[in-house]
Amino acid sequence: MTRKQKRLAIIGGGMGFLAAATALTFVALGQQTSYFYMPGDLSVRPVAAGERIRLGGLVEEGSLAHGAETDVTFAVTDGSESVKVTYAGILPDLFREGQGVVTEGRFDDGGVFRADTVLAKHDETYMPREVAESLKEKGVWEGD
Amino acid sequence: MSVEIGHFALVLAFALSLVQSTVPLVGARLGSSALMRVGEPSTIMGFLMTGIAFAALTAAYMQSDFSVENVWQNSHSAKPMLFKITGTWGNHEGSMLLWVLILTLFGSLVAVFGRNLPATLRANVLAVQGMVGAAFLLFILATSNPFARLVPAPIEGRDLNPILQDVGLAVHPPLLYLGYVGFSVCFAFAVAALIEGRVDAAWARWVRPWTLAAWVFLTGGIAMGSYWAYYELGWGGFWFWDPVENASFMPWLAGTALLHSAIVMERRSALKIWTILLALVAFSLSLLGTFLVRSGVLTSVHAFATDPTRGVFILAILVLFVGGSFALFAARSGALTAGGVFHPISREGALVLNNLFLTTATATVFVGTLYPLFIEALSGDKISVGAPFFNLTFVPLMVPLLMAVPFGPLLAWKRGDLWAVSQRLFVAFGGALAAMIVALLFVDRAAALAALGIGLGVWLILGALTDLALRSGLPKARLRVAVSRLVGLPRSAFGTALAHAGVGVMVIGVTAVTTMQGERIVAMKPGETAEIAGYVLRFDGLTPYTGPNYLEDRGIFAVTAPDGRPLGEVMSAKRVYPARQMPTTEAGIMTLGFSQLYVSLGDPRDDGAIVVRIWWKPLVTLIWYGAVVMMVGGTVSLLDRRLRVGAPARRKARTGAAQPEAGR
């Protein structure tokens, strides 16, 4: 190989590598992102059962119930509509009725949201940004 | 009174930083050594003034002076003294003050240790440091004054967020900031080189120790943060690919790339423009990290004391410095001489490969972290990018890179022989293969993936050892000769081997935990037992306990080993801090060899049982031990005499003395 060919081969290899990495990134972005919904958004843009989403809002007052073993159920509300959520596990320390929450999981065929993650916050005055903005838009929560 | 002195000192520090950022710059332009000499005293005085301000704030915390709003917001008189002190930076204002304190510290270190640098370069470096300092001091003074008073003074403070009342707060932020801000020195050197329009191999020699120091601190900061989150948050995870974690990981990846490309620049006078760019990128990512963490624009599990309004100011600083430095780069990089093309199969070729992988990995993390912001800006949709994205993009990039790591140090400069190197790595390869087979056959629950990961880790460790063995003349040399040669090897050789082996140790830990961990969530009544990975835990009930500023219910679990041997007790607690009425969970951890049993209490149920989450974390501590080994490697490398800070002139003076050593 001449010097020029060698250089071309190296540059070509590097470009090919970057192209592969870029393609991988876009495929992953297409598949592995989850959209954020408030309960009210679900009637506007329905979510298919099994699709992974984030559901956020306030934990509805009086909705928290402990089931058998480690199951918990509660409702997430945005003031007008609410969605029933089930979760198996330990709720974060700062999980309380009337507080902001973000859950991640999928709807089952019965329309119940099965969360596999309930996001914990470290600060009692902290409101997840998405929840805060959506609630402000709806006028449910004033912010700090 | 001392609080006002602190505030005044901070204003003085700002004024000094203005002097520091202009006078030496003009001096370098005009060739006036009198003006350039202003750089050092203004830098050092700026550090002292910031130090006084920081000490004043710390004193206010130690005395629980609630007339200071910041202290009232974040402290309590009943808090243990350690947490009173660390509480100084457990809030937005104090943490920014710590940031600037460390920035001015690094500036002073350059002023003190950089006496042998060319006068204009030193003047420009100090000026750029001064600019960064001025921007952040203005930020603190204008938007985040920690010295604001309250009249009348409240009697009791509102206490520090209980999650931050931990030794982790004493270690994690200072280490992380030493890393973040350490890259400011590399940034300043890069900008100074661009201002001068001249850069040579010596530049790389000056920048490398600073990069290495920042890298060591950042490695420690990230690892410490990871362990802190692991035991404090009570979910037993060590890395969540959370935006705040990624914010610290991106500068680390770019810094690691910089560390390697600077070697090529120093040795082969090549990759100059690239290395300068990496130095700019590493600190730009540090600034981005500061912005992401402080502004809370991305929802994070690690978000503390965030403030979107003040985030805009940091964004302005970010735009100013990133935009300014990249514009300068675009204008001047053409003037820098490019290095020659080199053979792909060579040490420098391997280092380029390393850079290709590491910067691509940085880019994927960058895209994954900021993608939600782009999408929201474009379409208004709120999305989140989680661990699956990073597992799909980052991991495939890392695996080939790590497989290639042992080859790098064995390849010769200029023209390496891949076949010969492969032969030399035969033993390491055999060892890795054996480890895989052993893992598959003898370890419970070890699937193919686990075996591959463990094999990769062993490959890295044995590859690093092979490098040291070959350098000391094994297998040809006699053992005594080899040992004396090993002792005489340059410290940077040990540094490289240790850092690479540390990565291997970490890979084993990560693999073992992600593929073989056991998890159980059970409701337990006193006297009941639960079994995990052969270990049996008996719940012995809850005992109330009163701490200095909290109340807790301690759940005691008696642990029995698989062979029936009692191993003692592990305790997890539910705490309440009355000052904030905030509950926390203290995880109970029992370390068994390199593995851990992790117990976390949940909510009590109506029937008297309590929900308990139990994990078996095999080899989990190797993750952090690996980071420690990497840090030791970096430190050993930093102590290499070739890399001594401010090396150039002293190096000349020492060449005579160093000669005999070269012959060893």
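This is a predicted model: local features need pLDDT of at least 70, side-chain atom pairs count only at pLDDT 80 or more; totals for chains, interfaces and linings use all residues.
Chain A is built from three helices and seven strands, and along the sequence they follow the pattern α-β-α-β-β-β-β-β-β-α.

**Chain A**
- Of the 144 residues in chain A, 34% count as buried.
- Take the contacts in chain A between residues at least 6 apart in sequence: 51% of them join residues at least 24 apart.

**Chain B**
- The C-alpha trace of chain B spans about 80 × 75 × 55 Å along its principal axes.
- Buried residues make up 54% of the 664 in chain B.
- For chain B, 74% of the contacts between residues at least 6 apart in sequence link residues at least 24 apart.

**A pair of helices in chain B**
- Two packed helices are described by the angle between their axes and the distance between the axes.
- Helix 18 (residues 448–471) of chain B packs against helix 20 (residues 491–516) of chain B at an angle of about 170 degrees, and their axes are 8 Å apart.
- Angles over 145 degrees count as roughly antiparallel, so helix 18 of chain B is roughly antiparallel to helix 20 of chain B.

- In soluble globular proteins, nonpolar side chains tend to be buried together.
- The largest nonpolar core here has 177 residues, and those touching the most other members are Cys186(B), Phe189(B), Ala190(B), Ala279(B), Ala282(B) and Leu460(B).
- Which helix gives the most to this core? Helix 8 (residues 167–196) of chain B does, with 18 residues.
- Leaving aside residues up to four places away in sequence, Ala190(B) touches Ile276(B), Ala279(B) and Leu280(B).
- There is also a second, separate core of 23 residues, which includes Met38(A), Leu55(A), Tyr87(A) and Ala115(A).

**Where the chains meet**
- On the chain A side, 34 residues are in contact with 41 residues of chain B.
- The elements of chain A that give two or more residues to the side touching chain B are helix 1 (3–32), strand 1 (33–37) and helix 3 (129–138).
- Helix 1 of chain A gives the most to that side, with eleven residues.

Terms used. Residues are numbered from 1 along each chain as its sequence is written. Chains are lettered from A and ligands numbered from 1 in the order in which they are written. A nonpolar core is a set of buried Ala, Val, Leu, Ile, Met, Phe, Trp, Tyr and Cys residues joined through C-beta atoms within 7 Å. A residue is buried if 20 or more other C-beta atoms lie within 10 Å of its own, exposed if 12 or fewer, and partly exposed in between; C-beta atoms are placed from the backbone. Helices (H or I, at least four residues) and strands (E, at least two) are DSSP runs, numbered from the N terminus. Two residues are in contact if their C-beta atoms, placed from the backbone, lie within 7 Å. Axes are lines fitted to C-alpha atoms, for helices over the stretch in contact, and angles run from 0 to 180 degrees between N-to-C directions. Angles under 35 degrees count as roughly parallel, over 145 as roughly antiparallel, 65 to 115 as roughly perpendicular and the rest as oblique.
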